[in-house]
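User: I have a model open and would like to talk it through with you, one piece at a time. Can we start as soon as it is on screen?

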Amino acid sequence: MITDVLSGICLIAGAFFALTGGIGLIRLPDFFTRMHGAALTDTLGAWLILLGLMIAAGFTLVTVKLIMIGLLLALTSPTATHALARSAWEHGRKPWMLPEGEDVPTDG
Amino acid sequence: MSRAVKHSIALFVFLAVAWLLWSGFWDNPLLLSLGAVSCLGVLLLVRRMRLVDAEGVPLKILPKLVVYAPWLIWEVVKANVDVARRILSPRMPISPCLFEVKASQSDDLGRVIYANSITLTPGTISVHVEGDVILVHALTKEAADGVEEAEMDRRVTGLAG
């Protein structure tokens, strides 16, 4: 019962971060800033979903495999992100900056 | 014991443990011996490819990861919450910037760990690595300041030398 609730909370929180990453992908202004949005889906989104599944699976070999998936993600996702950013940079894509003299937008 | 032998034994043990955990077969002699043969085959292949060295089997780094990994995970969690808050806030308070930082690690493996740690943290991406200078793109000035304080650099240098 408690494990069900805990695992559910992790899954929902993971889905929230994955969704926020998707929203960032649409809202952010250019290629480089969008990669920061996608990073949410790769990191906490994926990790919390894996954690939720581990809690549901309990102390079994399934959990070991989920940990392996997490390790694989932690190694491959920054490597792929770097390859993408480097390729964009080397082909001359210029990052979007705040217009000269304009302050950082704040809420309120 | 020579270092090459030490690295080979460590790699074989790692492969055997991975095989056991992935397959879940503990008590079938035929499958276990086939697994041992597979591990030995992989070991011979990577030795022929000359990948069994301090970079391919980083024995010195593994124990120190116990300290570094939880710290990195916590940094990533904090950065996630910050970036999520900025994406969801109506006016999106972002201030993208591009800057260079020096990586103080002495070898390629250390620099790769540092550059990948920067990229793994949402809000900062290592765009280009040239020698020991890493070009970083940050989503906000605050994230950029965080990298320039170089705490992560010091920790990775402590990890990988």
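User: What distance should the 28 residues of helix H3 of chain B span, and how far apart are its end C-alpha atoms?
Analyst: Bearing in mind that this is a predicted model, H3(B), residues 61-88, should span 40 Å at 1.5 Å a residue, and its end C-alpha atoms lie 38 Å apart, which agrees.

User: Where in H3(B) is the kink?
Analyst: The kink, of about 40°, is at Val67(B), and it comes shortly before the proline Pro70(B).

User: OK, and which residues of H3(B) are buried?
Analyst: The buried residues of this helix are Leu72(B), Val76(B), Ala79(B), Asn80(B), Val83(B), Ala84(B), Arg86(B) and Ile87(B).

User: What do those buried residues pack against?
Analyst: They pack against helix H1 (2-27) and H2 of chain A, and also against helix H4 (108-120) of chain B.

User: Two chains in contact, then. How many residues does each one put into the contact?
Analyst: Chain A gives 33 residues to the contact and chain B gives 31. On the side of chain A that touches chain B, the elements giving two or more residues are H1, H2 and H3 of chain A, and the largest share of that side, 11 residues, comes from H3(A).

User: I clicked on Arg86(A). Which helix is it in, and what does it touch?
Analyst: Arg86(A) sits in helix H3 of chain A, residues 61-90, and, leaving aside residues up to four places away in sequence, it touches Val127(B) and His128(B).

User: Why does Arg86(A) count as partly exposed?
Analyst: Arg86(A) has 16 other C-beta atoms within 10 Å, so it is partly exposed, because a residue counts as buried at 20 or more and as exposed at 12 or fewer.

User: And how far is Arg86(A) from Thr60(A)?
Analyst: The two are 26 residues apart in sequence, and their C-alpha atoms are 40 Å apart in space.

User: Switching to the core: which residues touch the most other members of the largest nonpolar core?
Analyst: That core has 42 residues, and the ones that touch the most other members are Tyr114(B), Ile118(B), Val136(B) and Val147(B). The largest share of the core, 10 residues, is contributed by helix H2 of chain A, residues 31-57.

User: What does Val136(B) touch?
Analyst: Not counting residues up to four places away in sequence, Val136(B) touches Phe99(B), Val101(B), Ile118(B), Thr124(B), Ile125(B), Ser126(B), Val127(B) and Val147(B).

User: Now the overall layout. What is chain A made of?
Analyst: Chain A has 3 helices and 0 strands, running α-α-α from the N terminus on. Its radius of gyration is 18 Å, well over the 13 Å that the globule rule gives for 108 residues, so chain A is more spread out than a compact globule. Its C-alpha atoms fill a box of roughly 55 × 40 × 15 Å along the principal axes, and 28% of its residues count as buried.

User: And how many helices and strands does chain B have?
Analyst: Chain B has 6 helices and 3 strands, in the pattern α-α-α-β-α-β-β-α-α along the sequence. With a radius of gyration of 20 Å, well over the 15 Å that the globule rule gives for 161 residues, chain B is also more spread out than a compact globule. Buried residues make up 31% of chain B.

User: Last one: where are the domains of chain B?
Analyst: The domain assignment gives domain 1 at 3-48 and domain 2 at 62-160, and the centres of these two domains, taken over C-alpha atoms, are separated by 35 Å.

Note on methods: Residues numbered from 1 in each chain as written. Chains lettered and ligands numbered in written order. Predicted model: local features only at pLDDT ≥ 70, side-chain atom pairs only at ≥ 80, totals over all residues. Domains from an automatic or database assignment. Core = buried A, V, L, I, M, F, W, Y, C linked by C-beta atoms within 7 Å. Helix = DSSP H or I, 4+ residues; strand = E, 2+ residues; numbered from the N terminus. Contact = placed C-beta atoms within 7 Å. Rg over C-alpha atoms; globule rule 2.2 N^0.38 Å. Expected span 1.5 Å × (residues − 1). Bend = angle between axes of the 7 residues up to and from the residue.
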